[in-house]
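Student: Hi! Could you walk me through this one, please?
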Amino acid sequence: MRLNALAREWDVVVAGAGVAGAVIAYRLARRGLRVLLAEKAPWPRHKACGGCLNAATLRALEQAGLGAVRQLGQPYAELTLASGKRRAMLPLPQGRAVSRRQLDDWLVSQAVQAGVVFLDTTQVVLRAADRQSSRRDLLLRHGQAQRKVSTRLIVGGDGLCSRLLREDAPGDLQVADESRIGVGATLDEAPAFYGAGRIHMACAAHGYVGLVRVESNRLNVGAALDPGWIKHCGGPAAAVKDILRQSDFPCWSALDEAEWQGTPRLTRQRSRLGSERVLILGDAAGYVEPFTGEGMGWAVAGATELEPLALEAVSAWRPALIDRWTSRHAQVVRSRQRSCHGVAAMLRRPRLLRASLAWLEAVPASVAPLTAWLNRDYPRNRQEVR
């Protein structure tokens with residue numbers, strides 16, 4: 001759709017078509033709202049990600065009306081976790097491994113079928129707020145073209161690099177100095193060692209690397225690495241290979257030829273998740289290193305929890321909605337992120353991790369409570385779409 005043919009007034013404009021943005025757009029369109037979903041990147045696009053939908057995330061997607069996601073990618077039910085010479089094999093509740101290119105494209109297609117209007121290669125820029133107005137103006141920029149539109153609510157799901165609130169709330173975003181960055185690639189060929197149905201995770205002092213087979217038997221590689229280590233090694237491929245070698249995992253030449261995607265520093269948070277007629281969710285609302293495989297689960301849970309507040313905001317905006325959403329997000333998502341942050345802290349202590357692996361090998365019964373805790377359900381909101 002051309003910008004000059006686009007409607008000027010919307011109920012909701014969602015910035016960012018990742019998991020959080022696509023799910024909230026889908027949910028609100030099913031409520032009968034006029035929803036525009038804008039994505040700054042060309043579509044479909046690759047994204048650095050571990051590529052795993054764990055059991056809790058699959059249940060959350062099913063509760064959101066998106067249970068057909070189970071048809072994507074490949075199932076997995078095991079984890080090989082390694083650090084140095086120490087290795088443990090852990091059974092997992094069945095999840096799905098799928099590349100972000102396929103997953104995000106599918107979620108957007110579901111949103112479009114629900115009535116969402118989707119634009120790619122389009123940036124959302126806020127105009128100055130008028131607190132006397134029942135709407136907020138914004139600019140949609142597509143190349144050299146731009147169009148002014150207005151909406152009752154803007155939902156910011158534009159990821160770690162979000163700039164949506166840079167004018168409304170300058171300085172609110174806090175990024176942890178010691179945080180790692182994410183890198184990822186999807187490869188057509190890989191050693192048979194990395195078989196389907198199992199996540200392989202190699203951990204070392206400077207980061208960790210996860211590998212899992214996704215659709216078409218391709219191998220998804222996702223890593224969280226110290227930026228200085230990447231520079232020391234001469235690039236992401238060399239840094240990933242070094243960590244694989246430390247755990248006696250196979251390396252192969254395609255890693256050097258892969259098209260690596262990257263992220264900014266992962267661990268970050270905001271003190272307030274919105275501004276005038278704007279509510280923020282997903283990675284833009286705060287993030288930590290997602291070693292436990294919950295990254296996409298946080299996005300789905302956040303979108304589901306935001307839905308009733310978004311409906312309120314469209315009906316009658318009140319500034320108190322920002323504080324209510326900030327509090328609810330902390331209860332549902334930030335609490336899970338704090339748990340993940342604790343696990344990530346252990347990964348920075350290789351001796352402690354290897355001792356933990358030894359315990360898991362020696363006492364297999366200790367695995368079940370851990371995996372059950374990691375895959376516990378997210379809360380469900382009170383206004384679920386049937």
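Tutor: Happy to! One term to begin with: buried means under 20% relative accessible area, exposed over 50%, and partly exposed in between, using a 1.4 Å probe and protein chains only. This is a predicted model, where local features need pLDDT of at least 70, side-chain atom pairs count only at pLDDT 80 or more, and totals for chains, interfaces and linings use all residues. Residues are numbered from 1 along each chain as its sequence is written, and side-chain values use heavy atoms, with hydrogens and water left out.

Student: Thanks! Is Ser216 buried or exposed?
Tutor: Ser216 counts as exposed because its relative accessibility is 70%. Ser216 sits in the loop between β13 (207-213) and β14. Helices (H or I, at least four residues) and strands (E, at least two) are DSSP runs, numbered from the N terminus.

Student: What is phi of Ser216 near?
Tutor: Phi of Ser216 is near 60°, a positive value in a residue other than glycine. Asn217 also has phi near 60°, and Asn217 lies in the loop between β13 and β14. Asn217 counts as partly exposed, because its relative accessibility is 40%.

Student: And where does Val221 lie?
Tutor: Val221 is in strand β14 (residues 219-225). Val221 counts as buried, because its relative accessibility is 1%.

Student: What does Val221 touch?
Tutor: Not counting residues up to four places away in sequence, the contacts of Val221 include Cys49, Val183, Leu187, Val240 and Trp260. Contact here means heavy atoms within 4.5 Å.

Student: Switching topic: which residues of α1 and α3 meet?
Tutor: From α1, Val19, Ala22, Val23 and Tyr26 meet Arg100, Leu103, Asp104, Leu107, Val108, Gln110 and Ala111 of α3. By class, that contact has eight nonpolar, one polar and two charged residues. Ala, Val, Leu, Ile, Met, Phe, Trp, Tyr, Cys and Pro count as nonpolar, Asp, Glu, Lys and Arg as charged, and the others, Gly among them, as polar.

Student: Nice. What about Thr263, which strand is that in?
Tutor: Thr263 is found in strand β15 (residues 261-265). A polar atom of the Thr263 side chain lies 2.7 Å from the backbone nitrogen of Gly182. Thr263 also touches Ala48, Leu160 and Ile181, among the residues beyond four places away in sequence.

Student: Last one: which peptide bond is cis?
Tutor: The bond from Trp43 to Pro44 is cis, with omega near -10°. Pro44 lies in the loop between β2 (35-38) and β3 (52-53).

Note on methods
A polar contact is a pair of N or O atoms within 3.5 Å; within protein, one must be able to donate a hydrogen and the other to accept it, and residues adjacent in sequence count only if both atoms are side-chain atoms.
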